[in-house]
Amino acid sequence: MEIKKHSTMYWAISDSMVLIKRSLSHIFKNMDQLLGVAFQPIMFMLLFRYVFGGAIQTGGTTYVNFLVAGILIQTAAFGAMTTAIGVSTDLQRGIVDRLKSLPIISSGLLIGHVTADLVRNIISSTIMILVGLLVGFRPIAGFDDWLLIAALVLTFTLTFSWLSAIMGLLAKSVEAVQWLGFVIIFPLTFASAAFAPTASMPKGLRIFAENQPVTHIIEAIRALMNGLPVGNHVWISFAWCLGLLIIAIPTATILFRRHTSK
Amino acid sequence: MHDAAISIKNLTKSFKDLQVLKGIDLTVARGTVLGLLGPNGAGKTTTVRILSTLLQPDGGEISVNGYNVVTQADDVRHSIGLTGQYAAVDEYLSGRENLIMMGRLYHLGGEASKARAEELLEQFDLVQAADRPAKTYSGGMRRRLDLALSLVATPPIIFLDEPTTGLDPRSRLLMWDIVSSLKKSGSTILLTTQYLEEADRLADRIAVIDRGIVIAEGTADELKDRVGKERLEISFNTENDFIKALSIIEGEAIQSNKEEKTISLATGGTVAEVKRVLDIMEASGLDIDTLNLHKPTLDDVFLKLTGHQAEEKLDESVKEK
């Protein structure tokens, strides 16, 4: 066996790149994923814009201007589930065992799935904003605002993908992952300011909705898009995400290592 | 110590309250094939998972290619190829992409990974399917790709965990040819199987494992000698005669099949011994349909060693509870 001499860091990056390439190629080779990436955001955008748009009062802004931030984050949250499904499938198929019997960086597989999530979500978000523009979305954000919006969406996606990796490692089957995702992500995204202002919600729900991270990030993006004051939402969003990432990355890595040495 | 490719001393492993391995001792010499033979649940897969560093042993001294599986796990990983019971291939990637990816993860470098992929596609009869996604492959093709993936880095030691379980006869034969050619090229192979014929055909030495211990070890011929040189198989015309014969025949490792009304028993293969049995039959007025002498199979060995047939293991354990 010929093994070229390079530093550990070189191989850690090289191994991760190989596995990132693998997960990325799944986006285009797996028709289900491709459809999810392209059509889900279009469907949500059109449904909410035209089904609920007339019925929900959003004060000064039009409903479509209100809606885009919510759908952007909801799509990112659901998109992150792909990591959980991918990890769970790899566990069941024995691919994790195979990779674990290789002398490579142990979190490489997770890094691959998480990175693919980021790329998928950049594609979805772009499609969604374009569709939004077609149905009346008129943002007044400047270039700096858009950079900050991109940073918020990517940080959020990264955070949810790592949380999702944990879910994939803990769940017993792919079906369980789908079920868990549904149970966790639906309340998080709907009990938020994603689709309707929190002011109309009953008190208990409103307190939850106004203080959970999904709402902060949506409010931050919405304010940036529509040229409104962002208040504390931006830094609270980043604080939430960074805090969760600091916990989620090591947890996922340890679970991954442990999973196969049980 | 270094001339043994695999050395296992007093290996134990429990899952919660269930002790799966109760002190396994095994040595595999370099360039040989050891067949680890046993029914479902005997501990074969657990042993392979420990040898390939996927599981931690509870106790024992285990070395693979001279490296300790616990303290030198990375060195062990560089020395082995593992093919598990399920084909661990990436469904969406083609056969070629799977192989190249594995080459890169073994740090062969880009060009060498591609070249190695071509070699393996050729060797494993996958050239025509090389660019199709693996999810379109048949069971046999997947299993071959899986084996090819474990051989990308030409490891000196190969673990094959039930490589032909669930394959159709044609794919099984092809897999056997591949294992034989690996053996010729000098690899050390540890092969687990529930198929007695498979161990007989591929392995230099066979270790029979049952309920977490090695109950016999030797060449196929040595094991067969333990149940007599030849087996005498007698079939009867009527069920009455069959039942009566069963009650009067004495001997070692008697097997009977009620549906086919046959009884088989161990003999030294001499004329005198066969005649003795036939005399008993005649004296009792039993009507023999056919009679034949054959070399013992590993099925016979298993029955002799464990008191139950390999395939009946599951039923037996249910009965015990």
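The domain bounds used here come from an automatic or database domain assignment. On that basis, chain B of this predicted model splits into domain 1 (4–220) and domain 2 (228–295). Between the C-alpha centres of domain 1 and domain 2 of chain B there are 41 Å.

**Helix α4 of chain B**

Let us start with helix α4 of chain B, which covers residues 110–123. Which residues of α4(B) are buried? They are B:Ser113, B:Arg116, B:Ala117, B:Leu120 and B:Leu121. Viewed down the axis of α4(B), these buried residues fall within an arc of 135°, so they line one face of the helix. The face turned away from that buried side carries B:Glu111 and B:Glu122, which are exposed.

**Salt bridges**

Over all chains, the whole structure holds 20 salt bridges. Here are some of them in chain B, with their N to O distances.

| B:Glu91 | B:Arg142 | 2.8 Å |

B:Glu118 is partly exposed, at a relative accessible area of 36%.

B:Glu119 and B:Arg116 stay within helix α4 of chain B: being three residues apart, they are separated by about one helical turn. An α-helix has 3.6 residues a turn, so residues three or four places apart point the same way. B:Glu119 counts as partly exposed at 46% relative accessibility, while B:Arg116 is buried at 12%. Elsewhere, salt bridges with shared partners join A:Arg22, A:Asp90 and B:Asp90 into one network.

**Nonpolar residues of chain A**

Turning to chain A, which residues make a nonpolar surface patch of about 370 Å²? The patch is made by A:Met43, A:Leu47, A:Val51 and A:Phe52. A:Phe52 belongs to helix α2 (residues 31–52) of chain A and is partly exposed, with a relative accessible area of 38%.

A:Met9 lies in helix α1 (residues 8–29) of chain A and counts as exposed at 57% relative accessibility. A:Met9 and A:Ile105 are 96 residues apart in sequence and 9.4 Å apart in space, C-alpha to C-alpha.

Note on methods: Residues are numbered from 1 along each chain as its sequence is written. Chains are lettered from A and ligands numbered from 1 in the order in which they are written. This is a predicted model: local features need pLDDT of at least 70, side-chain atom pairs count only at pLDDT 80 or more; totals for chains, interfaces and linings use all residues. Side-chain values use heavy atoms; hydrogens and water are left out. Patches are made of residues with over 30% relative accessible area and no salt bridge: like charges are joined within 9 Å, nonpolar side chains (Val, Leu, Ile, Met, Phe, Trp, Tyr) within 5 Å. Accessible areas come from the Shrake-Rupley method with a 1.4 Å probe; for residues, only the protein chains shown count as cover. A salt bridge is a side-chain nitrogen of Lys or Arg within 4 Å of a carboxyl oxygen of Asp or Glu. Helices (H or I, at least four residues) and strands (E, at least two) are DSSP runs, numbered from the N terminus. Buried means under 20% relative accessible area, exposed over 50%, partly exposed in between (1.4 Å probe, protein chains only). The expected span of a helix is 1.5 Å times one less than its number of residues. The arc is that of the directions from the helix axis to the C-beta atoms.
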